[in-house]
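Welcome! Please take a moment with the sequence and the 3D view below, and then we will walk through them together.

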Amino acid sequence: MIFENSLLSAYNQIDPDFRIIVVCHETPKLQHSYDERVEIINVDFLPPTQVNTNLTMQDKWRKLAVGMIRVGELCPDFVMIMDADDLVNRRLAHYANTNPEVNGWIFKQGYRYKYGSQWIYWDNNFNCGTNAIVNSKLIKFPQNIDNISIDECVILRNGHTIIEEKLEALETPLMPLPFPGAIYIYGHGDNDSAYNQTRRWHGFRYFLGKVRQIRPLSNQIKKEFSVLI
């Protein structure tokens, strides 16, 4: 359910000019129908045999490399890496397609949502695995999944925590997206994030101090991000 809601939020863009590449070990069962703009690639390597953060992240980045090879073949204008448990704003494709000359955008605004809650937290210092749109002119797409090819790809070499800093150092800075770009969902048991782990001990204090940024999960937000859960 989490994955398909993520897929649906990307698919429900108001501008139909986009492509979605899903890379996985096994094709998921989907309840909704999608057209040729959604492509699913099954990798030919096995998933981690242990529940281990390092192994999980290695597996994630290998799959991202496979996806980036395919993306390079499609010659897009922009690229966004999206985690399978995030939701994205339905205006992203339209905004990117109407600003083709920009280096890209970093998501400074977004939401954090505890799975199953009727409340959502607005964050103006947002950061999650889905946090940047990068112009393809800045990207050297990999030809294979060897280390050299991956290291030459700015997106694969620099994760979401440092991509803004690295592109700024290259004098190709990202601009702040002027509206909330994504919803990070936590508390559903599937994501492997330090946010989940640290919130266990200071979550109450954190939310108490930020109470003004907590708001109802409104119909407007649900529509903007295709929230089903």
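## Helices and strands

The protein chain holds eight helices and 11 strands. Both are DSSP runs numbered from the N terminus: helices are H or I with at least four residues, and strands are E with at least two.

What you see is a predicted model, in which local features need pLDDT of at least 70 and side-chain atom pairs count only at pLDDT 80 or more, while totals for chains, interfaces and linings use all residues. Residues are numbered from 1 along each chain as its sequence is written, and side-chain values use heavy atoms, leaving out hydrogens and water.

## Overall form

The C-alpha trace of the protein chain spans about 50 × 45 × 40 Å along its principal axes. With 229 residues, a compact globule would have a radius of gyration near 17 Å, and the protein chain agrees, because its own value is 17 Å. That radius is taken over C-alpha atoms, and the globule rule is 2.2 Å times the number of residues to the power 0.38.

Buried residues make up 47% of the 229 residues; buried means under 20% relative accessible area, with a 1.4 Å probe and protein chains only. Among contacts between residues at least 6 apart in sequence, 70% join residues at least 24 apart, where contact means heavy atoms within 4.5 Å.

## A helix inside

Now look at helix α1 (residues 2-11). Nine of its 10 residues are buried, so α1 is largely enclosed by the rest of the structure. Among those buried residues are I2, L7, L8 and Y11. What do the buried residues of α1 pack against? Their partners are the strands β1 (20-24), β2 (38-42), β4 (86-88) and β10 (182-186), together with helix α8 (219-225).

## A four-stranded sheet

Another feature to find is an open sheet of four strands, in the order β3-β8-β5-β9, with mixed pairing. Strands β3 (78-79) and β9 (175-176) stand at the edges with a single partner strand each, so one side of each has no neighbour in the sheet. Two strands pair if DSSP finds at least two bridges between them.

Strands β5 (residues 104-106) and β8 (residues 132-135) run antiparallel and are joined by three bridges. Here G104 stands opposite V134 in β8.

## A loop residue

Finally, find L138 in the loop between β8 and α4 (147-151). Leaving aside residues up to four places away in sequence, L138 touches N103, V154, L167 and T172. L138 and V51 are 87 residues apart in sequence, and their C-alpha atoms lie 35 Å apart in space.

Methods: Buried means under 20% relative accessible area, exposed over 50%, partly exposed in between (1.4 Å probe, protein chains only).
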